[in-house]
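Q: Hi! Could you walk me through this structure, a bit at a time?

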Amino acid sequence: MVARLTLPKTAAWVWHGAPRTIFGLEAVFVRCASGTSGAAPGGFSYADNFRAWTAAPGPSVIPWSWLGPPASADGVASAEALCAIAPGQRVYIVEVGPETPPAQVTAFAARLREREPVAALGFSTWPTRAEAEQAAVPWDACVDAFDFGLPQ
């Protein structure tokens, strides 16, 4: 059973930014993985940055990851990587990239639910369904597999 979800009223997305004082936000969505890796191709460690945010005083930190090209589209392995970097969280978010196979979206969510059964799972992608579908993001698979959506 999924816990009752309460999303923050104010939050910001963090891709590469180091922890800093942030006033007026209840939470930050901090990238912690890209597919099956905790690092960017250039060597930036999303995993280390996520851990630094969770150790710093400030707003709640919610982990998010990327699934699909240009990173790995292996849903099970990507969910494993996310859980290894950010275990025991109440909320997880995944950005679904272009041309991610629908079956891999489903596999990602299923494996994450096995590993973190009480967590709420969300997805993000392009701002509208039309834009997401134009980029070959499997919108219906995302809506079916996750508890909520936060398109940006």
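Predicted model: local features only at pLDDT ≥ 70, side-chain atom pairs only at ≥ 80, totals over all residues.

A: Happy to. Let's start with a pair of strands: β5 and strand β6, residues 148–149, pair in the parallel sense over two bridges.

Q: Which residue of β6 does Gly122 stand opposite?

A: Gly122 stands opposite Phe148 in β6.

Q: And what does β5 do with β4?

A: Strand β4, residues 91–96, pairs with β5 in the parallel sense too, over five bridges. In that pairing Val94 sits opposite Phe123 of β5.

Q: What kind of unit do β4, helix α3 and β5 make?

A: A right-handed β-α-β unit, with α3 spanning residues 102–115.

Q: Nice. Changing topic: which residues of helix α1 are buried?

A: In α1, which runs over residues 46–55, the buried ones are Tyr46, Ala47, Asn49, Phe50 and Trp53. Looking down the axis of α1, the buried residues fall within an arc of 165 degrees, so they line one face of the helix.

Q: What do they pack against?

A: The buried residues of α1 pack against β1 (11–14), β2 (27–34), β3 (60–67) and α2 (75–85).

Q: Where is Gly17, and what does it touch?

A: Gly17 is in the loop between β1 and β2. Leaving aside residues up to four places away in sequence, Gly17 touches Asn49 and Trp53, and both of those are among the buried residues of α1.

Q: Is Gly17 itself buried or partly exposed?

A: Gly17 counts as partly exposed, at 23% relative accessibility. As for distances, Gly17 and Trp139 are 122 residues apart along the chain, and their C-alpha atoms are separated by 28 Å.

Q: On to the hydrophobic side of things. Which residues touch the most other members of the largest nonpolar core?

A: That core has 33 residues, and Val105, Phe108, Leu112 and Phe146 touch the most other members.

Q: What does Phe146 touch?

A: Not counting residues up to four places away in sequence, Phe146 touches Val94, Val105, Phe108, Ala109, Arg113, Leu121, Gly122 and Phe123.

Q: And Ala141: which helix is it in, and is it buried or exposed?

A: Ala141 is found in helix α5. With a relative accessible area of 13%, Ala141 is buried. Beyond residues up to four places away in sequence, Ala141 touches Pro102 and Val105. Ala141 and Trp64 are 77 residues apart in sequence, and their C-alpha atoms are 18 Å apart in space.

Q: Let's do charges. How many salt bridges are there?

A: The structure holds seven salt bridges. One of them joins Glu80 and Arg111, whose closest N and O atoms are 2.3 Å apart. Glu80 lies in helix α2 and Arg111 in helix α3, so this pair ties together parts that are 31 residues apart in sequence.

Q: How accessible are Glu80 and Arg111?

A: Glu80 is partly exposed at 25% relative accessibility, and Arg111 is partly exposed with a relative accessible area of 23%.

Q: Which salt bridges does Arg129 form?

A: Arg129 forms one with Glu133, with the closest N and O atoms 2.9 Å apart. Glu133 and Arg129 are four residues apart in helix α4 (residues 129–134), about one helical turn. Arg129 also forms a salt bridge with Asp140, at 2.7 Å between the closest N and O atoms. Asp140 lies in helix α5 and Arg129 in helix α4, so that pair ties together parts 11 residues apart in sequence.

Q: Which residues do salt bridges with shared partners join into one network?

A: Glu80, Arg111, Glu114 and Arg115.

How values were computed. Residues numbered from 1 in each chain as written. Heavy atoms only, no water. Pairing = 2+ DSSP bridges. Right-handed = clockwise from strand over helix to strand, strands pointing away. Buried < 20%, exposed > 50% of the residue type's maximum accessible area, 1.4 Å probe, protein only. Arc of directions from axis to C-beta. Contact = heavy atoms within 4.5 Å. Core = buried A, V, L, I, M, F, W, Y, C linked by side-chain atoms within 4.5 Å. Salt bridge = Lys/Arg side-chain N within 4 Å of Asp/Glu carboxyl O.
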